[in-house]
Every structure is written in C-alpha cells, then in structure tokens.
Amino acid sequence: MGAHQEFDVSEFSSSEFISRLARGNCPFVALPVFPARVFRHGYIYINRKAGIQTPKDLEGRRVGVALYTMTAAVWIRGHLAHQYGVDLSTIQWVEGAINHPGRHGEPSAPPLIKPARIEHDPNGRSLSELLAAGEIDALTGTQHPHPHPDVAPLFPDARAVERDFFLRTRIFPIMHVVVIRRELYGREPWVADNLFQAFVDAKNLALARMHKGHPYMLPWVHEDIHEIDEVFGGDPYPYGIEANRPTLEALVGYMAEQHFIPRTLPIEELFIPVDKALR
C-alpha cells in the first residue's frame with residue numbers, strides 16, 4: 001500500500017502514515033481505527049554476558065532493531081528515553097531481520113529528517129544470531145529471538161511492567177491505523193462513516209464472542225478476560241480520538257524527538273472526521 005497504493009482501504013503503519021502526513025502531499029487519509037496494538041517492554045532482549053542490568057545500561061551499546069523506522073521501534077525508543085532516561089544518541093543501531101538472515105522487508109517510509117546511527121551486518125546474519133554471539137548487546141524487536149542460554153529479556157516480568165505502565169500513563173501502544181486513498185475519500189466521503197461503523201461493529205462482535213467463552217488456544221483465557229475487564233474497562237482496543245489521546249500524543253511526541261517529523265501535530269489533524277454518533 002505504501003509503495004504502490006494498491007488498495008482503496010488498508011491497514012497501515014501508524015508511524016509511516018504520520019511521517020507522510022507531516023511532510024505534506026500524503027496520498028492517504030486515516031480513520032481513528034487501530035487494529036494492531038502491542039505493549040513493547042517484553043520485546044527487549046539482552047546478552048547476559050554484556051553486563052546490562054537496567055535500561056540505562058543500554059547507553060553506548062550496539063542494539064539490534066528490525067527496522068529503525070518501524071512503529072514498534074519508535075515506541076521502544078520512546079519508552080527507554082522517557083521512562084528510563086536512556087540517551088538514545090549514544091546507541092549504535094544494527095538493522096536486520098530478527099530470526100532469519102537478511103533485511104526486514106522493503107520499507108517505504110520517508111527518510112528521517114536527521115539520520116540515525118544505523119549499520120547492517122555485512123554477512124546478513126539475523127539479529128538473533130548476532131545477539132547470541134555477543135556481537136550486539138541487546139535487541140529491540142517485534143518478535144522474540146530464538147532461545148539461547150546467553151539471551152534473556154531485559155524485563156523478566158514484562159507483563160507486570162506493561163500493566164503498571166498502562167495504569168500510570170493510559171498508553172497502550174498503537175502499531176497500525178486504517179487508511180483510505182485520499183482520492184477516493186475526496187470523491188466519496190460517505191465511505192468514512194460506513195467503514196468506521198463496520199470496524200466498530202466487528203470489534204464489538206469479537207469482544208462479545210470472547211466474553212461468551214468461544215474457544216481460544218489459551219489455557220487461562222477466562223482469567224485473562226477478567227484482567228482485561230479490570231484494567232481496560234472491558235475494551236482494550238477503543239477506537240476514536242479521545243479514548244486514545246494519551247497514546248496518540250505520546251507517539252507523535254516520540255516521532256518528533258526521533259526526527260521522523262519536523263514538529264508535533266495536533267491529534268485532530270491526523271484523522272478525518274467521523275459521525276460523532278458512531279464514536
């Protein structure tokens with residue numbers, strides 16, 4: 001979608017959309033619909049022999065990242081800087097696929113306003129292999145690396161850390177938005193309300209099925225559902241702007257600090273309006 005605009009409507013990287021919008025002439029408009037969200041503290045791994053005990057110890061290290069411009073990486077760097085005071089400018093980033101050789105896809109995001117310190121393994125080895133060998137000190141990613149006795153999560157109880165983080169900040173990291181080709185929206189603006197309503201209805205059906213106990217391959221799914229209700233008020237994936245304002249403001253702020261966009265944008269400018277009755 002980013003490279004060729006092949007679809008009328010598509011799930012799309014939130015950071016790439018915001019980068020394109022901030023540069024002007026963006027070929028897409030976005031709905032405040034967020035089909036992919038993931039807490040990211042649990043995706044930071046270290047080599048046990050590197051002497052890393054706390055996030056602050058990542059300063060001055062070689063840290064793997066699947067793709068520097070991917071939304072997950074924006075969130076992890078933002079967490080490290082804002083929660084733990086990590087000076088990101090001291091880190092040497094090493095890009096590559098996490099669990100297979102080579103690069104992580106073919107990015108279509110705009111270039112950074114200020115280049116970051118990024119390198120690639122000349123032999124194309126996976127980040128899992130580099131971490132296990134001690135050739136990088138840590139890994140920040142979207143997948144867990146292959147098991148190895150020298151590899152461990154930076155946060156052994158990441159679920160508790162992420163739960164506390166949400167309760168303190170109300171931030172549940174958004175990975176993706178839903179975009180519509182701008183040309184189509186300009187010609188047929190009614191599609192926005194119809195699509196928004198369809199996504200809301202689909203999510204409500206999924207939540208209802210989950211609460212009715214439809215089978216999932218999760219042994220303690222009922223306990224998980226009770227925790228979701230307690231922590232998220234029954235809906236961990238709210239749509240619309242207001243329910244997501246802390247998350248969206250954090251993402252835009254991180255992107256400005258990390259030189260993706262020249263300035264922060266008002267959240268209302270990110271999305272096309274949808275009927276308030278549908279929110």
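Tutor: What follows is a set of questions and answers on a predicted model.

Student: Why is isoleucine 44 called buried?

Tutor: Buried means under 20% relative accessible area. Isoleucine 44 has 3%, so the label applies. This residue is found in strand 3. Leaving aside neighbours within four places in sequence, isoleucine 44 is in contact with residues including Ile76, Leu80, Leu139 and Phe155.

Student: And why does aspartate 121 count as buried?

Tutor: The cut-off is under 20%. Aspartate 121 has 14% relative accessibility, so it counts as buried. Aspartate 121 lies in the loop between strand 6 (118-120) and helix 3 (127-133). Not counting residues up to four places away in sequence, aspartate 121 touches Val94, Glu95 and Leu130.

Student: How many bridges join strand 2 to strand 9?

Tutor: There are 6 bridges between strand 2 (residues 28-37) and strand 9, and the two run antiparallel. Valine 29 stands opposite isoleucine 180 in strand 9. Arginine 37 has isoleucine 174 of strand 9 as its bridge partner.

Student: What is the order of the strands in the open sheet?

Tutor: The order is 1-9-2, with antiparallel pairing in a sheet of 3 strands.

Student: What makes strand 1 and strand 2 edge strands?

Tutor: Each of strand 1 and strand 2 pairs on one side only. On average, neighbouring strands of this sheet are turned by 35° against each other, direction ignored.

Student: Which helix packs on the sheet by touching strand 1 and strand 9?

Tutor: That is helix 2 (residues 71-84), whose direction makes about 140° with that of strand 9. Helix 6 (residues 190-211) lies across strand 1, strand 2 and strand 9. Its direction runs at about 5° to strand 2.

Student: Which residues touch the most other members of the largest nonpolar core?

Tutor: They are Phe17, Ile18, Leu31, Leu58, Val179, Ile180 and Phe271, in a core of 82 residues. Strand 2 gives the largest share of this core, 7 residues. In soluble globular proteins, nonpolar side chains tend to be buried together. Take phenylalanine 17: not counting residues up to four places away in sequence, its contacts include Phe12, Val29, Val177 and Leu270.

Student: How many aromatic pairs does the structure hold?

Tutor: It holds 12 aromatic pairs.

Student: Why is the pair of phenylalanine 39 and phenylalanine 232 called tilted?

Tutor: Planes under 30 degrees apart count as stacked, and over 60 as edge-to-face. The planes of phenylalanine 39 and phenylalanine 232 are at 40°, so the pair is tilted. The ring centres are 6.5 Å apart, and the limit for a pair is within 6.5 Å.

Student: What makes it a link between distant parts of the chain?

Tutor: The two residues are 193 residues apart. Phenylalanine 39 is in the loop between strand 2 and strand 3 (44-47), while phenylalanine 232 is in helix 7 (residues 221-232). Both phenylalanine 39 and phenylalanine 232 are buried.

Student: Why is the pair of phenylalanine 172 and phenylalanine 232 tilted?

Tutor: The planes are at 40°, with ring centres 5.5 Å apart, so this pair is tilted. Phenylalanine 172 is in the loop between helix 4 (158-169) and strand 9, 60 residues from phenylalanine 232.

Student: Which residues do ring pairs link into a cluster?

Tutor: The cluster consists of Phe39, Phe166, Phe172, Phe232 and Tyr237.

Student: How do you know that the charged end of arginine 77 sits over the ring of tyrosine 68?

Tutor: The distance limit is within 6 Å of the ring centre. The charged end of arginine 77 is 3.6 Å from the centre of the tyrosine 68 ring. Arginine 40 lies over the face of tyrosine 43, at 4.8 Å from the ring centre.

Notes. Residues are numbered from 1 along each chain as its sequence is written. This is a predicted model: local features need pLDDT of at least 70, side-chain atom pairs count only at pLDDT 80 or more; totals for chains, interfaces and linings use all residues. Side-chain values use heavy atoms; hydrogens and water are left out. Two strands pair if DSSP finds at least two bridges between them. Helices (H or I, at least four residues) and strands (E, at least two) are DSSP runs, numbered from the N terminus. A nonpolar core is a set of buried Ala, Val, Leu, Ile, Met, Phe, Trp, Tyr and Cys residues joined through side-chain atoms within 4.5 Å. Buried means under 20% relative accessible area, exposed over 50%, partly exposed in between (1.4 Å probe, protein chains only). Contact means heavy atoms within 4.5 Å. Rings of Phe, Tyr and Trp (its six-membered ring) pair if their centres lie within 6.5 Å; planes under 30 degrees apart count as stacked, over 60 as edge-to-face and the rest as tilted. A charge sits over a ring if NZ of Lys or CZ of Arg is within 6 Å of the ring centre and within 35 degrees of the ring normal. Axes are lines fitted to C-alpha atoms, for helices over the stretch in contact, and angles run from 0 to 180 degrees between N-to-C directions.
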